[in-house]
Protein chains: 6
Amino acid sequence: MRILVVNVNTTESITGSIGAQARGAASPGTEIAALTPSFGAESVEGNYESHLAAIAVMEAVREYPERFDAIVQAGYGEHGREGLQELFDVPVVDITEAAASTAQFLGRTYSVVTTLDRTVPLIEDRLRLAGLDSRCASVRASGLPVLDLEGDPAAAVDAITEEAVRAVRDDRAEVICLGCGGMSGLADRVVERTGVPVVDGVTAAVAIAESLVRLGLTTSKVRTYAPPRPKAMTNWPPAASRARLNSTVD
Amino acid sequence: MRILVVNVNTTESITGSIGAQARGAASPGTEIAALTPSFGAESVEGNYESHLAAIAVMEAVREYPERFDAIVQAGYGEHGREGLQELFDVPVVDITEAAASTAQFLGRTYSVVTTLDRTVPLIEDRLRLAGLDSRCASVRASGLPVLDLEGDPAAAVDAITEEAVRAVRDDRAEVICLGCGGMSGLADRVVERTGVPVVDGVTAAVAIAESLVRLGLTTSKVRTYAPPRPKAMTNWPPAASRARLNSTVD
Amino acid sequence: MRILVVNVNTTESITGSIGAQARGAASPGTEIAALTPSFGAESVEGNYESHLAAIAVMEAVREYPERFDAIVQAGYGEHGREGLQELFDVPVVDITEAAASTAQFLGRTYSVVTTLDRTVPLIEDRLRLAGLDSRCASVRASGLPVLDLEGDPAAAVDAITEEAVRAVRDDRAEVICLGCGGMSGLADRVVERTGVPVVDGVTAAVAIAESLVRLGLTTSKVRTYAPPRPKAMTNWPPAASRARLNSTVD
Amino acid sequence: MRILVVNVNTTESITGSIGAQARGAASPGTEIAALTPSFGAESVEGNYESHLAAIAVMEAVREYPERFDAIVQAGYGEHGREGLQELFDVPVVDITEAAASTAQFLGRTYSVVTTLDRTVPLIEDRLRLAGLDSRCASVRASGLPVLDLEGDPAAAVDAITEEAVRAVRDDRAEVICLGCGGMSGLADRVVERTGVPVVDGVTAAVAIAESLVRLGLTTSKVRTYAPPRPKAMTNWPPAASRARLNSTVD
Amino acid sequence: MRILVVNVNTTESITGSIGAQARGAASPGTEIAALTPSFGAESVEGNYESHLAAIAVMEAVREYPERFDAIVQAGYGEHGREGLQELFDVPVVDITEAAASTAQFLGRTYSVVTTLDRTVPLIEDRLRLAGLDSRCASVRASGLPVLDLEGDPAAAVDAITEEAVRAVRDDRAEVICLGCGGMSGLADRVVERTGVPVVDGVTAAVAIAESLVRLGLTTSKVRTYAPPRPKAMTNWPPAASRARLNSTVD
Amino acid sequence: MRILVVNVNTTESITGSIGAQARGAASPGTEIAALTPSFGAESVEGNYESHLAAIAVMEAVREYPERFDAIVQAGYGEHGREGLQELFDVPVVDITEAAASTAQFLGRTYSVVTTLDRTVPLIEDRLRLAGLDSRCASVRASGLPVLDLEGDPAAAVDAITEEAVRAVRDDRAEVICLGCGGMSGLADRVVERTGVPVVDGVTAAVAIAESLVRLGLTTSKVRTYAPPRPKAMTNWPPAASRARLNSTVD
């Protein structure tokens, strides 16, 4: 099977990291195609950028020329999953929801540790709409911007680990969801410091997507996610946009 | 003061109706500038179109060349209000929230009557995130697409009135919010048939926007709606897009 | 139009302040009639006094001899708004709900800063019944009794500002609602110290009442707020009670 | 011990019925003093009358000249219990809450059957504030005014029984709370028709009040129900009011 | 009447304490039969032990050879009350729910103070399912195991009192429920230190059970608590199990 | 990897069906060991039987002599998952939660269709505690006992399909979870009649368990699911109990 894993920002190196993480979690025989949107922000850290990412991700998938079996939207707390579910029949898995859903099988409560404080409300909103908020102990921010995670990984690991420790100690979280991706060693370090299971959204989402495909399950089309009705579109999609496929061989 | 009232679809005649409605509610001295997005769908009736509208509305406002004092997003149940709040300092009022908020001053419960059943979940989600759902008795759909409202107004009025009657009788709604706009006579007819107050989102939103401006209140910028951080954008905004201003003189 | 603004306590100077605040927010052509109940407590800081105020406010409005277009109940967290809605057809706006409803258009969350800790539960209860509690970050008390606000305004401003700062910093409030009125400079000072919008209940309520009147909206009479059924009353209303009108010329 | 059972309306015959019901539930040695307020409406069926009853009940208890050990407020869905808790140290039991609290020990869900539809929202609000709403399957109205219960008991029993049957069958209630009092045979008839336990608020409240007294428990005074602060009162209480004690010998 | 009070662990001395407490709360004429399960753990401090206790309590009651009028399950936060309600017609009162329900008549909010932190989630879950959580300010743990309460009562009293003080001061609890039993002086000490009413679950449950019996109320059998359907059981109940009756004469 | 799939009743043929279903969903290399408890009821349809099943399942797993990597508790709406999580480190997946969690990736709302009406409350309680209830449109019962599913499969399929149709049409469910297992053709028939995805709990649970094992995730042990403290057990486990392994070769 082939799973599209779509980055929400336009930074190729992050798409590369996400793709690598996804491939690490995939079963033999599962191909991961990691996509970078053809337009949008270099990192998504707020509502404007997230709304734009929602559309950019949808266009990226629409432009993908090959057959695929599932879609993973690889942005924490971003808009747009519902649109993907309308446009496509295959299962769509958002990493925010995948992480929370997985965490709920491991402990009574979970916390999310993310990057900037301003993204906390976005994550909280997604969890609420997904009905995954009642066991969420807290969403905590390390204060580090997304791109800094790549620039100074050691400092990022420290900052995130520190918040995870607080979540377990002060908020009584029993599981930690990492609301940021692509850093080797991060999960291990948090496990070591907190003693609780750590869930990475991308790997959780790939596992769920694989399971749904294997069970033959697809998106329900009776109401909320029915295909868009045929209608006239103005100036859309934008000309000359083409998502870039992260071409690392699986 | 000048209030931008932004349609979420690309159909100019609907922008015209919305603008007329807004002007009818505005105080003397308030100028209504009704905008049509430069890209998107001719009507918004689902998540994909709504996500696209979110971005199109934001671009339409960004391109608006004059000063303005408030923004009304004139689509029922659409995404994007949060992004507008990040991009601009002036008050932003979504008509879904304006109608519900107004209805809550008039009766203990309210129902929304909208067009297609598939837009019900979008409206419910917006009300939940806005914390305006606990007094919502129901969101009901007439089954008529947005564009049919213009094509056969009489049938539309009948269908919507019928649902309003059911909301009052079966769901115990004490106020009706009209989740669709631009039809003369609709509100009067529903009042006549149900005996309850009827709130139109566009006029409610204009009144709220005016009030906020008059009270000197602007969007809070400390966290959720802080301005986007400066960052590199790829292929955005799309070239040659320009929102169309509905030029009816006020 | 004429809006009755009814104080909940019997202290004329507070009625004076409330009336002045209301007049400051009113549009040209709107007359504010500020009423003091003819019976009750000099300040309302608890359930007993609040239940009494509920009835006193209703009697004050019943005794008002002229026509009026809307009623503002100017007590934070007090009982009685539902009774006014039964007795009269014109819109009734409670300042607790007006402030919260307005704050929700400005930020994702809001906090209320009030006087005594013992009034916090009353405010929380009103917000819950009004369905306005889910975005309330906290209700905080400065510890100062109502009448001290008048006696030592400088200390009051300090105490309230301090709690507002805590609400923004610790409870993540993005807007502050002032749960106490009549002090010049208070709002400005809180804005200056917190950087977030500050909503005053009386001015918010006047703006909302004006809007409702202008939109031709009145209280729904189908169920909860239907007029009282005709029935025998014993010893009520009390003889010789007459609400005092704060006669400042508009 | 002596328990004050206070009617919320001014109809002596209803006080008599309530008193008799209370005496039927009291243990040997418990004296029931049934009070009629000295002012207010002949029956309480809405917010205005209920707010007035709140104050009238408080005054009735204040005027009671003897020592007492607990207070039962015998009106379904009425305001005012919180004020009584401020004014007095002894336990205060509202019959709405007593019935619901008792019902929750008998079945997973309960319904309330009451008189007029317009009192349903009052009951729902009291249950919500009391935190007793999550197991409430429904509040149903028979459509009969309070005073008709006395006028045509047979019709009243029929109407109420019918709603109880619907609550069990359609709303899946496992227990019925009678939101109206004083009719012999009503509970038996409902039990017979529905097969579920039927809770009468007055008897439930008396039993709870007795238990609280026997366990030596009194109202918490640390915050919400602290005694009113000493302050100047204007024109209150009204002259020449005196609650009437239903003098049936126990 | 006779009330069975069933301990959830197999430690006879705790059954003795519980029985004594129950007898202290019982009315003249009420006989308390305190039972110790014939199998299970010496103390119940987690889910495994609690699930086991659920079954052990049910078997203990099934084996009880005499008639009885009500059952009190005397374990804080334990599973199994629903099963007892299926098996028997008489009222079943769980002490966790009895304490919370009683506390709600005394203050606006309550906190539970219990033994080990690991039992907090069990108590929270029971309160949530019982619909008694919305007024629960907190469930706090003293950190002392159940059996230590007996070993070093003075230290236990100190530790529990300390948490009660924190609950009142930091969590704004207005009533304290003791989530552990059998220590003389504990309630008095907590009252003295906190100034709020203190509810003991066992005595509250006995009072409620007595009331239900006196009012002639029994468990609803229409749905959730209908008797188990007749069916083949394998290897159950275990041979040679026999609950021990704490034989203290009443 | 080896996954234990534990039936909650003592009927071997049901264990056989469950095992077959599980094997159908397992990946190559995953061994399914299907266990039948050594004590308990032939079918679990209520609280008493479910509490007993909770303990019987735990003992069955404790007695299992080989290494295993995950546990699936294969009873819909049963107690006990938390106890398994305390006793073992490996992931524990309850089929009620697995089905709901999976359904939430496929549609906005889901309904559960189960056997007897009396099991509906158990399922609702489990979903509530698991935080998976907010997107549950309804739990519906076909009225057929568990064992009839085996006796007359055709009638069972009809009855269950009928409720599924009602859930989609009347409750607006977008996905159906089958709250009963082991019937070939059931899922296909429901898909055919409703047009929505159908989730079987056993297969969903196996897929989730496999994913958790593959991602190296285990149960959090910091608080709620910490191992039981060492303590004296009386008469437990019962002598001579031994779970029966369904020995079908994989």
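Biologist: What rotation superposes chain B on chain A?
Modeller: A rotation of 180°, with 0.0 Å of shift along its axis and an RMSD of 0.0 Å. That is the relation of a two-fold axis. The superposition is by least squares on C-alpha atoms of residues with pLDDT of at least 70 in both copies.

Biologist: Which surface serves both copies?
Modeller: The same one: 100% of the contact residues of chain B recur in chain A. Contact means heavy atoms within 4.5 Å.

Biologist: What should I know about the model itself?
Modeller: This is a predicted model, where local features need pLDDT of at least 70, side-chain atom pairs count only at pLDDT 80 or more, and totals for chains, interfaces and linings use all residues. Residues are numbered from 1 along each chain as written, chains are lettered from A and ligands numbered from 1 in written order, and side-chain values use heavy atoms, without hydrogens and water.

Biologist: New topic. How is chain A divided?
Modeller: Into domain 1 (2-94 + 203-246) and domain 2 (96-201). The bounds come from an automatic or database domain assignment.

Biologist: How much area is buried between domain 1 and domain 2 of chain A?
Modeller: About 2100 Å², with carbon and sulfur atoms giving 51%. Buried area is the accessible area (1.4 Å probe) that two parts lose on being put together, summed over both. A:E45, A:Y76 and A:D94 supply 38% of what domain 1 of chain A buries against domain 2 of chain A, more than any other three residues.

Biologist: How many salt bridges between those domains of chain A?
Modeller: Two. Each needs a side-chain nitrogen of Lys or Arg within 4 Å of a carboxyl oxygen of Asp or Glu.
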